[in-house]
2 protein chains.
Amino acid sequence: MLIEGVHFHRRSVPARQIGWKALACNVSDVAAMGGRPLWAVISLGLPPRTSVPFVDALYAGLRRCARRFGVAIVGGDTVRAKQVVVDVAIIGTVEPGHVVLRSGAQPGDALFVTGRLGGSYRSGRHARFLPRLAEAQALVRRVRVHAMIDLSDGLASDLWQVSRASGMTLRVDMARIPVSNAARKCLRRRCPCRAWHGWQAQFHALMDGEDFELLFAVGAGAAMRVPRRVRSCPVTRIGRVVARGIRVELAFPGGRVTRLTPQGFRHF
Amino acid sequence: MLIEGVHFHRRSVPARQIGWKALACNVSDVAAMGGRPLWAVISLGLPPRTSVPFVDALYAGLRRCARRFGVAIVGGDTVRAKQVVVDVAIIGTVEPGHVVLRSGAQPGDALFVTGRLGGSYRSGRHARFLPRLAEAQALVRRVRVHAMIDLSDGLASDLWQVSRASGMTLRVDMARIPVSNAARKCLRRRCPCRAWHGWQAQFHALMDGEDFELLFAVGAGAAMRVPRRVRSCPVTRIGRVVARGIRVELAFPGGRVTRLTPQGFRHF
């Protein structure tokens, strides 16, 4: 559910991109379970003075994303609201035995992420990203993925989601976190965190939300078979599952390990 | 999609009933297609200062409705919003050959409604109504229903929906519209329409929304097999499909027929 003023501002994000994003988030969720999306229903809440071109553009974005990822828009609802609300519900399908949950990480698993992280909101990528559907499909066909999640609230927050759901301790090597150019660019403008001098880019990539990349865990043996690239998307090994017990740790070169407190985007 | 300030006011409707209504509307939609609901996903938008007891009560209402009508709540989303938003998407199933659309009305069909109409909002019934699921199932098993719709925006508006979708002229006998006691009670308090003296109750029942009763069309031959009651719910023959062409007419005793202009609850 995307809400004006929380997930987007009407003046700063074109309606077409709001529509695209509303559906793409859902496609990303299905992809992260190893599935393929099939059908979607769209609920729109609109203030009475919303212009028709705005609604047309919103729907153009929705339809464009639907075509691109093979989704049929089969119904929905349109009501009056005080702010623009776009809610999408999606149905997907998954081949028997290929369904991937957040809860399947095992001790010894290797942790990977697709793409490069951070700066999504500032660069505008958050509203025109390509869900990693084909990449996820290629991965689940090639190796047995134990657990997977799409990065919506930030790597730090989504590591916690997997840790909690699986009951495992995840350890991430700070030096391995792939940082996007957009995140590096933001940092050149301002340096928010002098205490971690040298690691700002990685911290930014850890904390920034809306990357919609995949974080996944595979068995230590299968980790060798995970390709460095899927289609044109880089796949980076960032850490491993070190033990049982809910905890997320950051490992720095030299052996220092610190505990990451639960964080990420907070809705409330 | 139910929106605070449009579909309900937090102070006048208990949270439990908001939850019940959000799911019950969807069950009613599935029922009106001759189907049975199976799974639902719930998206909640909540202002940051929403109390936990409010959310608990909302969910208690959702769960209660789910249990009552055999729906499994299988997922959803929770986000920050400026007003309470509850959006439910539902999946149902229908036996082959039993699916009923709004578009299937035929010339000569008889028109029926379940229950008694009007006064739903004032009496509070709009937030605790029982969707006519068992009644719809019993009807589609007994007779071939050509077209069906649940009355959400008012009988007048929903007659227009069927007329438009089917391309047919529907004629309703004013004297046959079943008027609820709640509607009669509202009218005793004030008389909004002196010009139609004698027909206020029927007009109220025509125009008032959120009855969530069923309006359906069956062939003239099958009309004899429609029972007067399904379970404890009255079923009333209110008119017929008189010709092709999109139009809704009201017939008064003595033979006078007037055309009904398109109306009902307007979102925009």
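Reply: The model is a predicted one. To begin with, α5(A) is mostly covered, with 10 of its 12 residues buried.

Me: Which residues of α5(A) are buried?

Reply: A residue is buried if 20 or more other C-beta atoms lie within 10 Å of its own. In α5(A), the residues that pass are A:Leu155, A:Ala156, A:Ser157, A:Asp158, A:Leu159, A:Trp160, A:Gln161, A:Val162, A:Ser163 and A:Ser166.

Me: What do the buried residues of α5(A) pack against?

Reply: The helix α5(A) covers residues 155-166. In chain A, its buried residues pack against β6 (145-150), β7 (168-173), α7 (200-207), β8 (214-218) and β11 (247-251).

Me: How far does helix α5 of chain A reach from its first C-alpha to its last?

Reply: The helix has 12 residues, and at 1.5 Å a residue a span of 16 Å is expected. The expected span takes 1.5 Å times one less than the number of residues. The reach in the model is close to that value, at 16 Å.

Me: Which residue follows α5(A)?

Reply: The residue after α5(A) has a positive phi, near 70°. This residue is A:Gly167.

Me: What is the order of the strands in the open sheet of 4 strands in chain A?

Reply: The pairing in this sheet is mixed. Its edge strands, each pairing on one side only, are β1 (2-3) and β3 (72-80) of chain A. Strand β2 of chain A (residues 36-46) runs parallel to β3(A), with 8 bridges between them. The order is β1-β4-β2-β3.

Me: What is the bridge partner of A:Ser43 in β3(A)?

Reply: β2(A) and β3(A) are joined by 8 bridges. In β3(A), A:Ser43 has as its bridge partner A:Asp77.

Me: At what angle does helix α1 of chain A run to β4(A)?

Reply: Helix α1 of chain A spans residues 15-31 and lies across β1, β2 and β4 (85-93) of that chain. Its angle to β4(A) is about 35°.

Me: Which element gives the largest share of the side of domain 1 of chain A that touches domain 2 of chain A?

Reply: The domain assignment divides chain A into domain 1 (2-93) and domain 2 (102-259), with 26 Å between their centres, taken over C-alpha atoms. The contact takes 16 residues from domain 1 of chain A and 17 residues from domain 2 of chain A. On the side of domain 1 of chain A, the largest share is 10 residues, and it comes from α1(A).

Me: In chain B, which residues stand opposite B:Gly45 in β3(B) and in β4(B)?

Reply: Strand β2 of chain B (36-46) pairs with β4 (85-93) of chain B in the antiparallel sense over 9 bridges. With β3 (72-80) of chain B, β2(B) runs parallel over 8 bridges. In β3(B), the residue opposite B:Gly45 is B:Val79, and the bridge partner in β4(B) is B:Val85.

Me: What is the hand of the crossover from β2(B) to β3(B)?

Reply: The chain passes from β2(B) through helix α2 (residues 52-68) of chain B to β3(B). This β-α-β crossover is right-handed.

Me: Is B:Phe212 buried or exposed?

Reply: Most residues other than glycine have a negative phi. B:Phe212, in the loop between α7 and β8 of chain B, has a positive phi of about 55° although it is not a glycine. Because 25 other C-beta atoms lie within 10 Å, B:Phe212 is buried.

Technical notes. Residues are numbered from 1 along each chain as its sequence is written. Chains are lettered from A and ligands numbered from 1 in the order in which they are written. This is a predicted model: local features need pLDDT of at least 70, side-chain atom pairs count only at pLDDT 80 or more; totals for chains, interfaces and linings use all residues. Helices (H or I, at least four residues) and strands (E, at least two) are DSSP runs, numbered from the N terminus. Two residues are in contact if their C-beta atoms, placed from the backbone, lie within 7 Å. Two strands pair if DSSP finds at least two bridges between them. A crossover is right-handed if, with the strands pointing away from the viewer, the path from the first strand over the helix to the second runs clockwise. Axes are lines fitted to C-alpha atoms, for helices over the stretch in contact, and angles run from 0 to 180 degrees between N-to-C directions. Domain bounds come from an automatic or database domain assignment.
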